[in-house]
Amino acid sequence: MDTGVVTAVIGVIGTALSGTIGYATGRTKDKMTEREMLSKDEQAFRAELRAELQTHKDEIRKLSEEITVLRKENMDLIAENRLLNIKVEQLVAQLSSHTLQAGDSGKGRENNEEIFKAELYK
């Protein structure tokens, strides 16, 4: 073989080898870029999840506070209702005693109803 042909074959082999190495190196850099992109996307996704979680925590806290206030108001209303029921029972008892004292006349009933209404709205 001629020296020129050997040099040309070695040159072609060297060029092919250099090209293959360069291609593989370039691909590896692209993979790193894709990994970095995925990592950035994942970080953004996690930040969004954290923000959404914090929003839900704040909403739950506000609702819990509102439930506490409503429970207190409910207990106050229950106590007031009990007192009003006791007062109604007392007024019914008074009305019954007035009815017995006044007899079953129509005039006595009218007076008792007026007394009952007056006592109820005190």
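Predicted model: local features only at pLDDT ≥ 70, side-chain atom pairs only at ≥ 80, totals over all residues.
Burial is reported for 2% of the 122 residues of the chain. The accessible surface of the chain amounts to about 10,900 Å², and 60% of this area is supplied by carbon and sulfur atoms.

Side chains of opposite charge can pair when their charged atoms come close. In the present model, 3 salt bridges were counted, under a criterion that places a side-chain nitrogen of Lys or Arg within 4 Å of a carboxyl oxygen of Asp or Glu.

One of the salt bridges joins the side chains of Arg 46 and Glu 42, with an N to O distance of 2.6 Å. Both residues are located in helix H1, where a spacing of 4 residues places Arg 46 and Glu 42 about one turn of the helix apart. Arg 46 is partly exposed, its relative accessible area being 44%, and Glu 42 is likewise partly exposed, with a value of 39%.

A salt bridge is also formed between the side chains of Glu 65 and Arg 61, for which the N to O distance is 3.4 Å. Because Glu 65 and Arg 61 are 4 residues apart in helix H1, about one helical turn separates them. The relative accessibility of Glu 65 is 44%, so this residue counts as partly exposed, and Arg 61, with a relative accessible area of 42%, is partly exposed as well.

The side chains of Lys 72 and Asp 76 meet in a further salt bridge, at an N to O distance of 3.3 Å. This pair, too, lies in helix H1, with Lys 72 and Asp 76 positioned 4 residues apart, or about one turn of the helix. The relative accessible area of Lys 72 is 56%, and this residue is therefore exposed, the threshold for that class being over 50%. Asp 76, by contrast, has a relative accessible area of 43% and is partly exposed.

Technical notes
Residues numbered from 1 in each chain as written. Heavy atoms only, no water. Buried < 20%, exposed > 50% of the residue type's maximum accessible area, 1.4 Å probe, protein only. Areas by Shrake-Rupley, 256 points an atom, 1.4 Å probe, with all protein chains shown as cover. Helix = DSSP H or I, 4+ residues; strand = E, 2+ residues; numbered from the N terminus.
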